[in-house]
Amino acid sequence: MDKFINDFIKKYKASVLSNTSSNSEIFPDEKDNSEEINSIKLTTGFTVANRAILEEVDVISAEVVYGANIFKDIFSAVRDVVGGRSKAIQGLLKDAKSEAMLELKIQAYQLSADAIIGIDIDYQEISGGGKSMLMLAISGTAVKLKPIVDQ
């Protein structure tokens, strides 16, 4: 999983840098921050277990759009007729969700947030003109948590 996180962070930095003037605006320190990013809590609830929320930082969102491969379309159409689960489409959904959640964590990290609460995930098929795409949109509220005090 760490390799996936590190690779995604590199791609994310590259895509963000193409839209900004300097890397220091996005990631001021060039250290490996994957452990800190991975430690950000995600929940669909509006609280984090055993932690108090100090501040709601911002509403954040991520969108991922995948073009469905023609072979996946054909095999999923066959599955529709004969029944069964489409592992190709399930894998695509899983990848899209992982990528979007990681993007949320990166945004929360940039905001110095500790968690993202109230996460909502929406899937939508986009089709037309003989093309089929899958869009996943995910949003939540980045929050700062009260530090854990050792007793």
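Trainee: What should I know before I look?
Mentor: The model is predicted, so local features need pLDDT of at least 70 and side-chain atom pairs count only at pLDDT 80 or more, while totals for chains, interfaces and linings use all residues. Numbering starts from 1 along each chain as its sequence is written, and side-chain values use heavy atoms, with hydrogens and water left out.

Trainee: OK, what's the strand order in the open sheet?
Mentor: β1-β3-β4-β2, four strands with mixed pairing. Strands here are DSSP runs of E, at least two residues, numbered from the N terminus, and two strands pair if DSSP finds at least two bridges between them.

Trainee: Which strands stand at the edges?
Mentor: β1 (41-42) and β2; each has a single partner strand, so one side of each is left without a neighbour in the sheet.

Trainee: How many bridges join β3 and β4?
Mentor: 12, in the antiparallel sense, between β3 (residues 115-128) and β4 (residues 131-145). S127 has S132 as its bridge partner in β4, and I117 stands opposite T141.

Trainee: And what does G129 do in that hairpin?
Mentor: G129 takes a positive phi near 60°, in a hairpin with two residues between the strands.

Trainee: How do β2 and β4 pair?
Mentor: Antiparallel again, over 13 bridges. G67 stands opposite M133 in β4.
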